[in-house]
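The following paragraphs lead the reader through one protein structure. Please keep the sequence and the model in view while reading.

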Amino acid sequence: AGGAARRAARRGARACEAVSTEAQSETVITFEEQRRIAKAMTQYYEDVKLDAEYEAGFGLGWTEDNEIINGRWAMMGFLIGGLTEYANGISFTDQVAITLSNLGIVDTGF
């Protein structure tokens, strides 16, 4: 097993030498090519920045911030409904029925 590992290590070292030799023998990148690559990189990072700003901006739908706000409003509504029930003796469901009746949405008989 030790011999196989040494042979694999030697093969890996030879492959690395071949890659570095190929890299040295490649043509030199011109100034215009460097400028083109730099412009492409700049455009890429501007696009990434815009995507991040878009994701962080105001969103509609099932976003985390919207769910937190919705939950807080629901908690406030249940708290106010509970306090009103305690003060007036009218149950929470009856309060909803009275509100719907007063707004003319549903005729509940109240």
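Asp107 is exposed, because its relative accessibility of 74% lies over the 50% cut-off. This residue belongs to the segment after α4, the helix that covers 92-102. Asp107 can also be located by its distance from Ala97: the two are 10 residues apart in sequence, and their C-alpha atoms are 8.6 Å apart in space.

The model in which these values were computed is a predicted one. Its secondary structure amounts to 4 helices and 0 strands, and the order of elements from the N terminus is α-α-α-α. Of the 110 residues in the protein, 5% are buried. The protein exposes about 9,900 Å², and 61% of this area is supplied by carbon and sulfur atoms.

Helix α2, which comprises residues 31-56, contains both Arg36 and Glu33. How are the side chains of Arg36 and Glu33 joined? They meet in a salt bridge, with a distance of 2.5 Å from N to O. The structure holds 1 salt bridge. Its two partners are 3 residues apart, about one turn of the helix. Arg36 has a relative accessibility of 48% and therefore counts as partly exposed.

One is nonpolar and is formed by Ile29, Ile37, Met41, Tyr44, Tyr45 and Val48. Together these residues have about 600 Å² of accessible area. Ile37, one of the residues in this patch, lies in helix α2. With a relative accessible area of 33%, Ile37 is partly exposed.

The other patch carries negative charge, and Glu46, Asp47, Asp51 and Glu55 gather there on the surface. Where does Glu46 lie? Its place is in helix α2. Is Glu46 buried, exposed or partly exposed? Its relative accessible area is 42%, so Glu46 is partly exposed.

After α3 comes Gly89, and the phi of Gly89 is positive, near 80°.

Notes: Residues numbered from 1 in each chain as written. Predicted model: local features only at pLDDT ≥ 70, side-chain atom pairs only at ≥ 80, totals over all residues. Heavy atoms only, no water. Helix = DSSP H or I, 4+ residues; strand = E, 2+ residues; numbered from the N terminus. Salt bridge = Lys/Arg side-chain N within 4 Å of Asp/Glu carboxyl O. Buried < 20%, exposed > 50% of the residue type's maximum accessible area, 1.4 Å probe, protein only. Patch = residues over 30% accessible without salt bridge, like charges linked within 9 Å, V, L, I, M, F, W, Y side chains within 5 Å. Areas by Shrake-Rupley, 256 points an atom, 1.4 Å probe, with all protein chains shown as cover. Lys, Arg positive; Asp, Glu negative; His and termini not counted. Charge placed at Lys NZ, Arg CZ, Asp CG, Glu CD.
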